[in-house]
Amino acid sequence: MDILISSLFAGLLIGMVLALVALGLNIIFGVMEIVNFAHGEFLMVGMYTGLFTAQATGMEPLLTLPVAAVVGFLLGIICYYGFIKFLIRGPMVAQLLGTFGLMLFLRNIALLIFGSEDRALHHGILVDKSFDMGMGVIVPATKLTAAGLSVVAFVAVWLLMNRTKIGKALTATALNAQGARYMGIPTERMNALAWGIGGGSVTIAGALIVNFWSVNPFMGLLFTMIAFAIVALGGFGSVPGAFFAGLVVGLITEIPGIWDFFTYTFNFDWMNNVPMTSLKYMWVYLAYFVIVVVRPRGLFGWKQ
Amino acid sequence: MKTAVRFGMVVLGVLAVVGLMVPSAALAAKEIKIGVIYPLTGGAAAAGRELRAGAELAAKIANNVMTDISMDMAKNSGIKNMGGAKIKLIFKDHQGNPTIGADLAKKLILDDKVDGILGCYHSSVTKTVSAVCEQYGVPMINGTSTSPALTKRGLKWFWRTTPHDKWFTKDLFELLKGLTEGKVRGVKAVPKKEIINLASACEKTEWGSHVSDIIKSLAKEYGFKLKKSLLYAAKSPDLSSEVRSLKAVRPDAMLFASYTSDAILMVKTLKAQKAAPKIIWGQDAGFEKPEFRSTLRDSIVGILTRTVFLPKVAQIKKVAGQVNTLYKKNTGNDLGGASARAFTGLQTGVHVLEKAGSTKPADIQKAANALKIPGKELVVPWAGIQFAASGDEIGQNVLGSGLIGQYQKDKDGNLVLEIIYPFDVATADMIFPFSF
């Protein structure tokens, strides 16, 4: 029973962080209907920012979040004005290939600067500490804190989008850019802001994740794929949808643990021989495939 | 007289023209090009750096007379039987990718016209590269890939110097058996029921999946219960679900086959999840890398790793100590399992060339099959190098052997690997049971 509870708990915790990863992708798509293939690379930038800021200044890794947010925000703005602004004038294929190129560019820049080695944080008040929650559930302090801060960041972005004039202007741009322009909303700035908020939220997620996972220049693709799955499941453009889908995807990554529970409960030998752990991300992509086929607008997506 | 002078002038002229036409390279000692394919970037880049440094040091010793190194290779400048021909290494980076490895091998053979290939560390890459070498009839020496299947394919152009995983894994089970029989230094006989439950996690490429299969079969043979055996992706950013799965069966010993970054992540996750096996054993690779030690520091005290070389070997074997001093001067690190075996791989190539006296593939093939290098020539603690020329493991060195080391702290508080197995060369008491 303890493996079931600990797997569910771990799934929910990591789901909260993954939801924050997907949030930026969701906002950018919601406002501009452009798919950012470089999203995972933005996360990588956030991880490196958190890592090097903590290492260079000796500060507590969790305190690097504002630095990562600023770096991500600026990166988003620079990408928009320097690249995306021109890209959106072209056809859809050009946009897809363009952000794919941005992905390769950021990855190779990181490779040039940081090298290919995995780097990880080894200091901080939470690193290497865990809480025994009872019933066999042991939660690493870094993951628990990252999940909590992800929820805080998520709520902050939700409030920004729903309770401020800027958020309403972003929503208006997302719903009808031309109409918004007629109403005096500077849609170009709104687009840039969407990239800024998208970049900032994913780099915050990166600075949280680097507390428990190592970083290398090649890790972006996995997170881009996971973020796509979350956005597709939650619905393109839906902030609550991204949060809910993040939790679902987090639980999906813990299917091997749930499988183990049934294996040991029913004592089926054949279940023990199924290589569930080596297939754990397959279930995420399968869920992505199913949702795209069965309900393309996702669970909470806007109707066109 | 005039005619004789004219004839002499003509002869001199012809000789001068012919002399100018002969390329200068033919007059100089020939250069022997060896393609070296290692993972110089990607997840195993740290291992790649070690491998490269090991091979480069061997080439340096082969190309120069070094009287302070007690090995035949250091007595001559270049290959003596080929007029002092120098070894030139051409390094290529396979990034841990078998397809890239095969492409690089083709380029080395067709464009660079190499005389032989050394590599590739990852068994999966060695598999594809050796297939290319077989296709083109180019000799390949492998010093560091340990998947048993590599020498079971009947290849004619492939020779492996390192012992393979079946031998290494058997060493582990001999150690477990020795624990129950009280043979381990510093540990009283442990009742078998206290260490009977095992769990293994291996990365899922060619190497790890074969180790996993070997653990399964040897656990059965030695009467241990393998309660959980799983494969995982070495590039996975998170291994917590794997660790929970291992913990769930409450194993007495956890066995791993991991590359560097995943070995570090695995141990960090085990610690974070408060896993409490009595034994943690790693199948070399990541568990022996300098990064593993420098990253995890004191938390790895008590972890076992199989290896083929430990700095302690340098203390008990003169030639190993001499080479280790040079290696440390170049890199700042002691020789490790990867670098010592890369060194030995190239050293074997040099001996083969010396015996063949030419770079013709057929001569090299004949020389390799008849080669015998005595153990005193090697930095690794093997009985020597001699390849099986028949049977079901053609090309496998039959004189190799392994070691099992344990991370311990020395008197000065430094982290060192002590030899625990073979029992007769143990350098310290074993720490048992393990705890974080």
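**View 1. Chain A as a whole.** Chain A holds 13 helices and 2 strands. Helices (H or I, at least four residues) and strands (E, at least two) are DSSP runs, numbered from the N terminus. The radius of gyration of chain A is 20 Å, close to the 19 Å of the globule rule for 304 residues, so chain A is as compact as a globular protein of that length. The radius is taken over C-alpha atoms, and the rule is 2.2 Å times the number of residues to the power 0.38. This is a predicted model: local features need pLDDT of at least 70, side-chain atom pairs count only at pLDDT 80 or more, and totals for chains, interfaces and linings use all residues. Residues are numbered from 1 along each chain as its sequence is written, while chains are lettered from A and ligands numbered from 1 in the order in which they are written. The C-alpha trace of chain A spans about 65 × 50 × 35 Å along its principal axes. Buried residues account for 52% of the 304 in chain A. A residue is buried if 20 or more other C-beta atoms lie within 10 Å of its own, exposed if 12 or fewer, and partly exposed in between, with C-beta atoms placed from the backbone.

**View 2. Helices α1 and α11 of chain A.** The axes of α1(A) (residues 2–32) and α11(A) (residues 255–266) come within 8 Å and cross at roughly 165°. Axes are lines fitted to C-alpha atoms, for helices over the stretch in contact, and angles run from 0 to 180 degrees between N-to-C directions. The two helices α1(A) and α11(A) are therefore roughly antiparallel (under 35 degrees is roughly parallel, over 145 roughly antiparallel, 65 to 115 roughly perpendicular, the rest oblique). From α1(A), Ile3(A), Leu4(A) and Ser7(A) meet Gly257(A), Ile258(A), Asp260(A) and Phe261(A) of α11(A). Contact requires C-beta atoms, placed from the backbone, within 7 Å.

**View 3. Helices α3 and α4 of chain A.** Helix α3(A) (residues 65–87) packs on α4(A) (residues 92–114) at about 150°, with axes 9 Å apart. This pair, α3(A) and α4(A), is therefore roughly antiparallel. Cys79(A), Phe83(A) and Leu87(A) of α3(A) make the contact with Ala94(A), Gln95(A), Gly98(A) and Leu102(A) of α4(A).

**View 4. The side of chain B that touches chain A.** Here 25 residues of chain B are in contact with 27 residues of chain A. Elements giving two or more residues to the chain B side are α3 (45–63), β7 (225–232), α8 (240–248) and α9 (260–272) of chain B. The largest share, 6 residues, comes from α8(B).

**View 5. Ser70 of chain B.** Ser70(B) sits in the loop between α3 and β2 (86–93) of chain B. Ser70(B) is partly exposed, with 15 other C-beta atoms within 10 Å. Beyond its neighbours within four places in sequence, Ser70(B) contacts Lys318(B), Val319(B) and Gln322(B).

**View 6. Backbone exceptions in chain B.** Most residues other than glycine have a negative phi, and most peptide bonds are trans. Gln95(B), not a glycine, has a positive phi of about 55°. Gln95(B) is buried, with 21 other C-beta atoms within 10 Å. Tyr121(B) has a positive phi near 80°. Tyr121(B) is buried too, with 29 C-beta neighbours inside 10 Å. A cis peptide bond joins Tyr421(B) to Pro422(B), with omega about 5°. The bond from Phe432(B) to Pro433(B) is cis as well, with omega near -5°.

How values were computed. Contact = placed C-beta atoms within 7 Å.
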